[in-house]
Each structure stands twice: as structure tokens, then as C-alpha cells.
Amino acid sequence: MTQPTDQPLVEVQDLRKAFGEREVLRGVSFSALEGTATALLGPSGSGKTTVLRSLNVLEPPDAGRVRIADAAVDFSATGVDNATRRREVEALRARSGMVFQSHHLFPHKTVLGNLLEGPVQVQHRDVDEATADARRLLEQVGLEGREDQYPSQLSGGQQQRVGIARALALNPQVVLLDEPTSALDPELVGEVLAVIRDLATHGWTLVIVTHEIRFARDVAEQVLFLDDGVIAEEGGPEVLTDPQHERTRQFLRRVL
Ligand code: ADP
């Protein structure tokens, strides 16, 4: 996809979302440049996961606009017929790959089978080509030689690395990671963070919800601090060492 270099790859405008009476997103806007990592931080319940799930429409926003590369959905637009909206949403979804808190691998499929599901079943890619790509991705996440194992034969950290490889296998333009290490035993966190760091240095565009503040400071070019459904503070990683807002300071004091 050719993007003019000065145009962000991801653009989110004025996202709003309520669950019942509760307004969870109250106008969230940001953009992300290609090849950068954006960390979404903030207290539990501030709306981080809902923002991430809005980007691939796992949770459709009530209003606002999301664009990734050449695919955009304007959730505020009225008069869009269902078929058109479905097409728009499908196109937007195809631009991102999601890594969940717990990996959601298919237990009855091998590692390779898990990686091929999306490319072959959904994207109808050539099996040999997709297999070659999947093997390369497994190597990238340090799991070469594990192709024929089942998820239950792997550690939690290895399973999550398969989860990351599976998201990459869709060849997305943006990788969305929702607290990718929070379900892991502490001793397994490092290996998964190392893989994500490697993606960041290899030019992937990442949006990560994380509580790993030090990791965010090291890896993210952009930090967004969410509080009660709005971005309370944003900037480069220096936001984490020198926050301007009291809410950010309070949050960092609690977690660091
Ligand atoms: P965070 O990721 O910052 O912890 P979330 O985006 O998960 O926050 O949630 C924000 C708020 O929205 C929370 O109060 C949560 O309980 C609520 N919420 C999230 N998903 C749903 C849902 N599907 N139904 C009802 N409430 C939800």
C-alpha cells in the first residue's frame, strides 16, 4: 500500500461508545504513523480495550471514524445501507491483526494449522505459499521446529508467540495487541515482550494496550494515556518520565 509519507497509517476521529448508560469512550482521536508503536495506557476501565476493539470493529463504536491505510468506516454517517457498511467493515478488518490477552488458539489444530487458518480459509491464499510464510513467521517468533505441535504442548509464552505469529500471518498493516502479557506467569512475560520489541524494530506498525510501563517507554514512539474515556495526555515516551497531568502522575505512581 503506498501512503504519502506524511499521512498517518491509522487515523481515529472522535470515537464514542456507550454500554447502556455508561459512556466508555467520550471522543477519542489519535493517529499513528506507519512503522511506529503506539502504547495505550491508563487505569483499568478507562476504555483502552474498547478503543483497540473499535479499530477492527470487534466492538462497533456509536460514532466517530476509523481509517487504516485505504480503508475507512465513518460510524457517524447516516444513510449507509447495510451491504455497504458490511463491505467497509470487512475492508477495515482486513487491515489489522489482533493479538488477544489470552491467545485464543484452536486447541485441535497444530501450530502450523493455527497459522494457516486465516490466510488459507479466509484469505484463500495458496497453501504452499502461506505455509512458507508461516514457517518464516514461526522462526521470527523463535518457534521454528514447533510446527506440528498442539497448543497444549507449549508453554503460555510460546502459545502467545504463536498468537502473535498468527496475527502477522494475515499480513496486516497494523498489529493490535490487547494486554498481550497480562495473562502470563511473570517468568514468561519477557520472551513475549522480546518478540513484540523485535516487531517494533522491524518496522511493524503496532498499537498496544499494556500495563508494562517500562516496556512502553522503551518501545513506543507514541504514548496515549486514557482516562475515563478520553485521552488525558499524549506524546512521546517522555510522557512516562515527565507527565504534565496529575491523573497521569497518579497512575504512574501506582504502577511503577
Ligand atoms: P480498559 O481496557 O481500560 O480496562 P475497557 O475498554 O475494557 O477498559 O472497558 C471500559 C468500560 O467499559 C469498563 O467499565 C467496562 O466494564 C465496560 N465494558 C467493556 N466492554 C463492555 C461490554 N461488552 N458490555 C458492557 N460494558 C463493557
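This report describes the overall build of a predicted model, the surroundings of its ligand, and a few individual residues.

## Basis of the model

Because the model is predicted, local features are reported where pLDDT is at least 70 and side-chain atom pairs count only at pLDDT 80 or more, while totals for chains, interfaces and linings use all residues. Residues are numbered from 1 along each chain as its sequence is written.

## Overall build

The protein has eight helices and 10 strands, these being DSSP runs numbered from the N terminus (helices H or I, at least four residues; strands E, at least two). The C-alpha trace spans about 50 × 50 × 40 Å along its principal axes. With 256 residues, a compact globule would have a radius of gyration near 18 Å, and the protein agrees with this at 18 Å; the radius is taken over C-alpha atoms, and the globule rule is 2.2 Å times the number of residues to the power 0.38.

Of the 256 residues, 41% count as buried, where buried stands for 20 or more other C-beta atoms within 10 Å of a residue's own, exposed for 12 or fewer, and partly exposed for values in between, with C-beta atoms placed from the backbone. Among contacts with a separation of 6 or more, 64% join residues 24 or more positions apart, a contact being two C-beta atoms, placed from the backbone, within 7 Å.

## The annotated domain

An unreviewed UniProt entry places the feature "domain: ABC transporter" at residues 10-253; UniProt positions follow the numbering used here, feature names are shortened, and annotations may be inferred rather than shown by experiment. Over residues 10-253 the chain is 37% helix and 25% strand, and the end C-alpha atoms are 30 Å apart.

## Around the ligand

The residues around the ligand are F19, V24, G42, S44, G45, S46, G47, K48, T49 and T50, each with its C-beta atom, placed from the backbone, within 6 Å of the ligand. Helix α1 (residues 48-55) supplies the largest share of this shell, three residues.

## Individual residues

D14 belongs to strand β1 (residues 10-19) and is partly exposed, with 15 other C-beta atoms within 10 Å. N171 sits in the loop between α5 (156-169) and β7 (174-178) and is partly exposed, with 16 other C-beta atoms within 10 Å.

E187, in helix α6 (residues 186-201), is exposed, with 10 other C-beta atoms within 10 Å. From C-alpha to C-alpha, E187 and T36 are 27 Å apart in space and 151 residues apart in sequence.
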